[in-house]
Every structure is written in C-alpha cells, then in structure tokens.
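Visitor: Could you walk me through this structure, one feature after another?
Guide: Gladly; have a look at it first.

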Number of protein chains: 2
Amino acid sequence: MYDFEFHNPTKIIFGRDKELLMGDVLKGDAITKVLLLYGSQSVKRSGLLDRVKDVLSRAGVGFIEFGGVVSNPVLSHTRQGVALAKSEAVEAILAVGGGSVLDEGKAIAVGALADVDVWDFFVGKEVSRALPVYTILTLAATASEMNGNSVVTNEETKQKYNITSPHVYPRVSILNPQLTCSVPADYSTYGAVDVIAHVIEAYFTKKPGTRLQDRLVEAIVKTVIDSHNIIRQEPDNYQARAEFMWTATLGLNGLTPSGVGQSSFPNHMIEHSLSAIYNIAHGAGLAIVMPAWMRWYSDRNPAQFERFARKIFGVEGAEAGIVALETWFRDIGAPIRLQDAEIPAADIDEIAANAAQLAKLWGIDDLYDQAAIAEILQLAV
Amino acid sequence: MYDFEFHNPTKIIFGRDKELLMGDVLKGDAITKVLLLYGSQSVKRSGLLDRVKDVLSRAGVGFIEFGGVVSNPVLSHTRQGVALAKSEAVEAILAVGGGSVLDEGKAIAVGALADVDVWDFFVGKEVSRALPVYTILTLAATASEMNGNSVVTNEETKQKYNITSPHVYPRVSILNPQLTCSVPADYSTYGAVDVIAHVIEAYFTKKPGTRLQDRLVEAIVKTVIDSHNIIRQEPDNYQARAEFMWTATLGLNGLTPSGVGQSSFPNHMIEHSLSAIYNIAHGAGLAIVMPAWMRWYSDRNPAQFERFARKIFGVEGAEAGIVALETWFRDIGAPIRLQDAEIPAADIDEIAANAAQLAKLWGIDDLYDQAAIAEILQLAV
C-alpha cells in the first residue's frame, strides 16, 4: 500500500425515475439558473429533456438550453458553452447525457469562472474554481458522474486532452438505469470496454502487492462481463443495466487506484490519438489498443497477467488471458484491430507521433516514446 | 439492484506520518479551537498526543484536552464532553484514537450544538447539525473514520445505541497504519472480526442477485483474513497493517450495502447487548454471536451461505463455511462461545430481553423477538 488521499464528495442518487428529483436538488442548493447542457436529439425524442425542463420549472429553477454536444466533445462547442454560461450568468451546469456531455459540462463550469481561454486548463493551467456541476446520466461508461475528469478534443490541433481537478466533481449525479435501456448495442459494448480499460490500466501498471485493490478490480471486470452479456441479449433488462451502471461508476471514481502507488494510463493515451484523428468511439479505440498493449507489456509484469487470466477467465498463462479478453471483445461486437475500424496501418507513425505528445504531457514518455507507441500499434494490425 | 443514495464526503489522508498534517488541515478549514478527544494513556505513552498538540500549536489552532474515553464509550463521559465543548466554545472535535474515541467525538459534536440532552439523539431524535469532526485513527476496525455512525452506551439503562446521520461524517480522517502497529494482538483480532461482521450482515440478509456487491464483500473478507494472518505473525508489518486499515474503512463506509436493498444487522444488535451488559470488546462479542446466528439463519438463504463457503474458504456447503469461519476466529484468539467470555448461559434470557428492545428500535422485531434471540444465543453455548 502506498500513501494516498481519497476524497469523493459527489452525491449519487440511483434508481428508477430519480431524474424527477433534480428540481428539488437544485432548489435545495439554492441554485436559481442553470445551463441545461445536452447532446443529440435522443434526449428530445425520448422525452427526457421535456421531463427535466418540467421539473426545473416546477421547482422554480431557471435554465438556458444548450444542445449539440458531440461524442468526443470538441473545444469549439465548449467555448460556445462558456460564452453562453457567462452571458447568461448561470449559477450551475446541469449536464444531461453520457460521458461526453458531462465532460463538456465540467469544462464549461471551469471556463465560466475563468478570464482565460478554457483550453489553457487542458494544457496545464491549474483549475482553482468552477461552477457547481449536476448531472443526469444516460450512458454508463466513463464514471464522469463521480470523478474530477473532463476530456475534450481540440479539433484544430487534434489534441484530445483532459482536466483533472477536485473542483469539477459533480455535486449531485442522478443515475437512473432505465435511461440507459435505449443505448444502442454498439455503444453499450463500447461502454463495457471502457470500464474494463479504466480498471485494468492501474491493475497492470502498478507495483505488485496490493491484494485488496486487485480483488476490487477483478470484482468490477467480472461484473462488467456478466452484466454486459445479459444486456447484449436483453437490452431492456433493468437489473443488468443497473448493475452495469453502478459498476461503471465505481470503475473510475478513485476507489480502485487508491493505495496502489504510481500507475499509468497508456491505453487511454494511445486511444485518445485514435479518436482525436479518426473520431471513432472511445471504447472502440480502446478495444483495438488494449490487446496490443497487453501483448507488448505483459513480460514486464507476468505474474499479474497470469493472475488476470486465472481470476477473470479461469485460464492459465498471460497470453491465454489476453486471447480470452480479445475474443470477448470481438464477440460483443467491438473492433479489435486497426483495420476493423478502417484505420490504415500506414498511419501508425502519425498516430504514434500524436500520442507521444500526450505521453510527454502525462510524464510517461520515458517508456512511451514514439517508437514504442508505434511498436504497440503494429501489434494491432 | 435497488434504489439507493450514496454520499460520503469524508476526505481520507492515508500514509506514514500523515498525522503531522492535521494542523494545516484545521487551519485550512479556518478552525481556531478544537476539543482534543482521546482515550487511555496509550496515546500519551506513544508520544502521539504530544505530536498532535505540537502540530496544532505550530498551526495556531487552539485546543482543550479531554481524555478518558473508554472502550464501548459511555454516556456519562460523553455528557461531560458536551458540557466542555459548550463551555469552551470549541469549533470542532478532533478525535485521536480508535472507533470508541471517534464515536464519542461524533456524539459530542452533536450534543455541543443541541439544547437537549445528547442521549435524545440515540433514542430517535433526528440530528440536524453537529460541529465538524476530524479524526486521527489509531485502531482499524469500525470505519467510524468514514461513516455517519456513533455508538454510545448508556451505563444506567444498559443500552448500547447508535446515531446515524450525514452530519457526523468526519470532515477529514487521517489514517497512518504505523499508529496501529502497537495495537495488542487481542484488539487486532477483534478488529478483524468486526470488519467481517460489518460486511457479512448485509451479504447474508439482503435479497439475492447483486453480484457486484457480493464480490466486493468477498474481496474485503478475503483481504481481512490474509492481512490479519500476517499481522498475527508480524505485528509491525506495515504493509499488512496498511492493507487491513483501508479494508476496514471500506467495510463500513456505505460502499458494500449500496444497491442491495433492505438488509439488517442482527449480529450487531445482539452483540450490543453483550457488551452493554458485560462490557466485553465489541469484536469479541461478535465472534461469539456470528457462528450462532449463521447456523440459525442459514436455511433462510442457503445459496448465499454456500457461496460464502466456496468463495471465502473453498469448501462446499453452508455448515462447512460456518465451521471454517469459526475455526479461524478461534485460531486468531477470539472467543467463539459465551463461556469463552465467561458469560453464563443462565443469563441468556436477560441478554435476549435487552437485545429485543433494540430489535424493536431497529424495526426488525418481527423476526427477532426475545424468543428468537434466545434461540440464537443457545447456539453459542
């Protein structure tokens, strides 16, 4: 066990129809006007947006609507949101959607109280304050509903970068599994891949000897697999959606890495380049990167890869575990090679150069220089 | 999965020498005077109390000392603390010790802002506010460092009752595993028993079908066993003490019961009567009650008892799992029968009558009337 701090002040309200409480939640916190942020038409079609507007109105909470957040949220739209939040003098952000909407909401919350461009915070400026953020989650995957992370893509520079700050933990997040029942099969799959990626990056890259955290990670991975297997067959299965939703939240809310010491997120790093350049879904990119990275890395921590194989899939040997994971990814409809996502192998150097920039920013460029990243990507061909 | 709310705002600072940060923590929160609460002489002998007073002085935080908290903290001493906190107009409670000190600290925090007797809150009055509580933990077991519970015994009425309120979550808890290295073998054992009790009460009494939470509980139980087995051999083993300490915190910080729906704490209920009447250590009482209760209850949820046997001890059948747990309790030096703690079987009706009062207060008297509790206790003879 290594020294750590754990502080996660987000309040979770979990269950059927709980979005109806958001008006009272905001009123209770004396919020009188929010930026109501959302993404595509789906929250309109499903009636969710109308329901939320209705509960806000009934609670006497004013709102200004701002839709159009895209998957892999972009800086230009975030900047528009910041301008709107400032000009409308909103007191909080209410993000209704999946991880992309929540992430952009956090960025807007930071930008709204800053006198510099919001992108500055993604390239190193420290966040010292932010508007309070409230969320209603419609897609389980990123755990943005219960952490201090925000990932936004700068379309001009093709940089998919992040803010990590205690100031952007949502104050209250409402998780109603019913809202995720309409998530299409491919995005459900990408969510499952994403959650597994969140927990296994530290599991494999930390130092050995933290049994509790190993077991927590294994509990999460096994439950992702079990619940997603049901969701594939029965998209409307409330229990499976609920189980997956809470598992996803615990996958990146600070629990599993607490006490494990230094670890790194190389799969996310490389994936950020894939989706920055090709705009593929984050989970799709991860399904391509992970088996390749695992094969490249497993000799550095063989005991843990053997443990993973045994505990998760009941098979012996690191490679058998990687094959089992990769096979499961394929079975649930995720791409597992670059060509599955129509990414040309000829682009590997460009991707690696892009990822190497982020490796430098994250301070892991000693192991992950451009050549090493290219080597990993070659294993995804 | 059932509807739930999760909100645990306590900040944990974990690691070697971290108690030295407490002065800055309080100063950062603009606290200028605390009630410095502790128990026995051991925090004086170990030098911890002097270290804490020194960091408070250097940070310019005033304090009034109040020692003498006993294991199973008592109402009379709590009332003295409330009076002192009021007369000295302290702004916060700083509890330095184990679960007993923390629990009494929380009760004083409630009483200090109330115009009624503090016991009123233990028999049903709702807590609406409390002084902020800060803690430096010296004994891992109760998770009081990261939850909203406080248990105090009314010596006159022999009632060991509790407050549960969001207002008494510690604001910051410092967990330095080094401070637990001097915990004697018997109290280390009682701590291990207590943590297992915390997680298995809901595990066995909830409805089936919440796999994630089952796995989290199993991760905790297995890690308690693994780490305590090392602590028994090597009391100074920092890694084992650290692993046990964080496991104990996760054992009762709201994580494992979230989403499992209704569950109950019959073992704690019956044990509260044992320690209220005989003043035995909480963990010792639990080690006596648990195997008896498990045998009494297992037919009501056989699949879960079989699962427990298989997952924790690798044995088949409910009874084999109970025997394995009981054997481990005995091996680590815990009493497992009433007579091991010199409690006469002739007292069973008196104990059962006492526990039946609490069953009523907790609303579980439909299953746990006096006769049922006596039946359970007969299995501990």
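**Domains, sheet and contacts**

Guide: Chain A is divided into domain 1 (11-179) and domain 2 (182-378), with bounds that come from an automatic or database domain assignment. This is a predicted model, in which local features need pLDDT of at least 70 and side-chain atom pairs count only at pLDDT 80 or more, while totals for chains, interfaces and linings use all residues. Residues are numbered from 1 along each chain as its sequence is written, and chains are lettered from A and ligands numbered from 1 in the order in which they are written.

Visitor: How many residues of domain 1 of chain A and of domain 2 of chain A take part in their contact?
Guide: Two residues are in contact if their C-beta atoms, placed from the backbone, lie within 7 Å. On that basis domain 1 of chain A contributes 19 residues and domain 2 of chain A contributes 29. The centres of the two domains, taken over C-alpha atoms, are 26 Å apart.

Visitor: Now the sheet: which order do its strands follow?
Guide: Strands of a sheet pair through backbone hydrogen bonds, either parallel or antiparallel. Here, strands (E, at least two residues) and helices (H or I, at least four) are DSSP runs, numbered from the N terminus, and two strands pair if DSSP finds at least two bridges between them. The order is S4(A)-S3(A)-S5(A)-S6(A)-S9(A)-S2(A)-S1(B), an open sheet of seven strands with mixed pairing. S4 (62-66) of chain A and S1 of chain B stand at the edges with a single partner strand each, so one side of each has no neighbour in the sheet. From one strand to the next, the twist averages 15 degrees.

Visitor: What should I look for around S3(A)?
Guide: Begin with burial: a residue is buried if 20 or more other C-beta atoms lie within 10 Å of its own, exposed if 12 or fewer, and partly exposed in between, with C-beta atoms placed from the backbone. Five of the six residues of S3(A) are buried. S3 (residues 33-38) of chain A pairs in the parallel sense with S5 (residues 92-97) of chain A over five bridges, and five bridges also join S3(A) to S4(A), again running parallel. Leu36(A) stands opposite Leu94(A) in S5(A) and opposite Glu65(A) in S4(A). Val34(A) has Ala92(A) of S5(A) as its bridge partner.

Visitor: Where does chain B join in, and in which sense does S1 of chain B pair with S2(A)?
Guide: S2(A) and S1 (residues 4-6) of chain B pair in the antiparallel sense over three bridges. One bridge partner to find is Glu5(B) in S1(B), for Ile13(A). The contact between the chains takes 28 residues from each of chain A and chain B. On the chain A side, H8(A) gives the most, with eight residues.

Visitor: And how do I read a helix pair, such as H11(A) and H13(A)?
Guide: Axes are lines fitted to C-alpha atoms, for helices over the stretch in contact, and angles run from 0 to 180 degrees between N-to-C directions. H11 (residues 282-297) and H13 (residues 318-331) of chain A pack at about 170 degrees, with axes 10 Å apart. That makes H11(A) roughly antiparallel to H13(A), since angles over 145 degrees count as roughly antiparallel, under 35 as roughly parallel, 65 to 115 as roughly perpendicular and the rest as oblique. Ala287(A), Pro291(A), Met294(A) and Arg295(A) of H11(A) make the contact with Ile322(A), Leu325(A), Glu326(A) and Phe329(A) of H13(A).
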